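Here are a few notes to read with the model open beside you. Take the points one at a time and find each residue as you go.

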Amino acid sequence: NNLPLESRGSIQDVLGNNVAGAVGTGDSARVRGGTSTSNAFQLEGFEVNDVGGGRGQLVTFKSLANLEMQTGGSGAENSGAAGAVMNAVTKSGSNKFEYEVDSWHENSVMRLFLDEYDTNNFQMATNINLNLSGPIVKDRVWFFTNWEGRNSVTDRGRDPTGARPDPPRRSDNSIRSTGKVTWQVTARNKLQLVYVFNRDSFKNGQDGFLHDRDAQWKRDGLDVFVGLIWESMLSDNLLFRSQVGAQQFNSDFGPELCRTAKESCDAVNPLQETGKDVFNFQNFNTHSRSISGTFEFKNTLEYFIEKPSIGNHNIKATARFKGARLENQETTPGDAIYVFKDNQPFTKRELFVNDPLTEPGRYGWAISHSQSTLFQFSLQDQFKLPSYRYLTLTPGVGLLVSDAQDGRGESIIAFTTVTPNI
């Protein structure tokens, strides 16, 4: 948490901004020739990418005990990741009650020694963090939780030509939380519950002077993850770990008008004035919603050997199942955009949710569904030679079986891959 970071928007930004070998920043970071969606973002061993392969769950910085990065040599267990592998390990509670509160505030009013070239637009940002941890049952059950509130406000200034009205103030608000409950069932058995929560609200997101106040867009998001982890030391050299987790992402991108007129905003037609520039009135011209989620079940068995004759070995066998689903919805408010220029009559541009050349045109919401399943098995050995402890070898082999289906249940992608690696 004390690292000098380029951005603290999300822990995923660390990959592009602070890790050697990564190209690009933020969500667009690429590693080893892969795309930005080829990176695997994990929490306690769970994959928490969103269904499209992107950034995924937003784990809070203050909840981190460790952030592990691998840009190569990630082993057979992560053979499905063509890019980097990032694993976040969160803090745990103890027998001591602890709390920490910190906050920072930035305000353009407090800037001094400005000259004529500095912007006079008002800007403000606030961040509040709360950490709580301690025992629920002493020596048996502990908890840790972190809550983070963010708020930023930006004025956009005025149109220098005076031809357009002042754009509204942009704001971004979010509440995030990450936490863990640990139950030491016996001396050799432990159960952990991990959760992530994120609620985002972005208001008046359209920059520039070409959108009226009523034609601004907004974005709301709600992301949740819950996972259970069971660990058992079956012997002094044998560790069994079983984990199950589920997550959901909800996104609503559309007219700012929907905040004040939720029932009628999708019936108000957008207006566009054409000319040298296109100016938008009355409503934003699209509304989309996305609901996606994953379910993951993973078992890991690790065997540790330490002998002078054969060196140190960590033999790991993993079996993993992941199911994913995605639903997209999209519409044009009013099913048409009215376009005009100067004093000429309006032109109506109708938008259909299907191809009107092949069947009668339909209005309303275009809705699509897809789902996929992944079975992954791996076996690897991480060992150090007995006479040379500075070298670690990790040979292994992975097997991936995947199938993706569209909304009609027809398979669109199906493959089986064997991936030997060292």
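1. Two strands pair if DSSP finds at least two bridges between them. Strands themselves are DSSP runs of E with at least two residues, numbered from the N terminus. Please keep in mind that this is a predicted model, in which local features need pLDDT of at least 70 and side-chain atom pairs count only at pLDDT 80 or more, while totals for chains, interfaces and linings use all residues. Residues are numbered from 1 along each chain as its sequence is written, and side-chain values use heavy atoms, with hydrogens and water left out.

2. Start with strand β8 (residues 170-186) and strand β9 (residues 189-203), which run antiparallel and are joined by 15 bridges. A hairpin with 2 residues connects β8 to β9. To see the pairing for yourself, find W183, whose bridge partner in β9 is L191.

3. On to the next pair: β9 also pairs with strand β10 (residues 217-235), again in the antiparallel sense, over 14 bridges. Here F202 stands opposite R219 in β10. As background, strands of a sheet pair through backbone hydrogen bonds, either parallel or antiparallel.

4. Which residues form a nonpolar patch on the surface? They are I136, V137, V181, L193, V224, V226 and L228, with about 500 Å² of accessible area together. Such patches are made of residues with over 30% relative accessible area and no salt bridge, nonpolar side chains (Val, Leu, Ile, Met, Phe, Trp, Tyr) being joined within 5 Å. A salt bridge is a side-chain nitrogen of Lys or Arg within 4 Å of a carboxyl oxygen of Asp or Glu, and accessible areas come from the Shrake-Rupley method with a 1.4 Å probe. β6 (123-137) and β10 each supply at least two residues of the patch, and the largest share, 3 residues, comes from β10.

5. L228 lies in β10. Is L228 buried or partly exposed? At 37% relative accessibility, L228 counts as partly exposed (buried means under 20% relative accessible area, exposed over 50%, partly exposed in between, with a 1.4 Å probe and protein chains only).

6. Now look at the open sheet of 4 strands, in the order β13-β12-β16-β17 with mixed pairing. β13 (279-281) and β17 (347-350) stand at the edges with a single partner strand each, so one side of each is left without a neighbour in the sheet. From one strand to the next, the twist averages 25 degrees (angles run from 0 to 180 degrees between N-to-C directions of lines fitted to C-alpha atoms). Strand β12 (residues 271-273) runs antiparallel to β13, with 3 bridges between them, and Q272 stands opposite N280 in β13.

7. I337 is found in strand β16 (residues 336-340). With 10% relative accessibility, I337 counts as buried. Leaving aside neighbours within four places in sequence, I337 has contacts (heavy atoms within 4.5 Å) that include P270, Q272, N285 and R349. I337 and R349 are 12 residues apart in sequence and 5.1 Å apart in space, C-alpha to C-alpha.

8. Finally, visit strand β20 (residues 396-406), whose covered face holds G396, G398, L400, S402, A404 and D406, while V397, L399, V401, D403 and Q405 make up the uncovered one. In a regular strand the side chains alternate between the two faces of the sheet. β20 pairs in the antiparallel sense with strand β18 (residues 366-385) over 11 bridges, and Q376 has L400 as its bridge partner in β20. Another 10 bridges join β20 to strand β21 (residues 411-421), also antiparallel, with V397 opposite P420 in β21. The hairpin of β20 and β21 has 4 residues between the strands, and in this hairpin G409 takes a positive phi near 85 degrees.

Conventions: Patches are made of residues with over 30% relative accessible area and no salt bridge: like charges are joined within 9 Å, nonpolar side chains (Val, Leu, Ile, Met, Phe, Trp, Tyr) within 5 Å.
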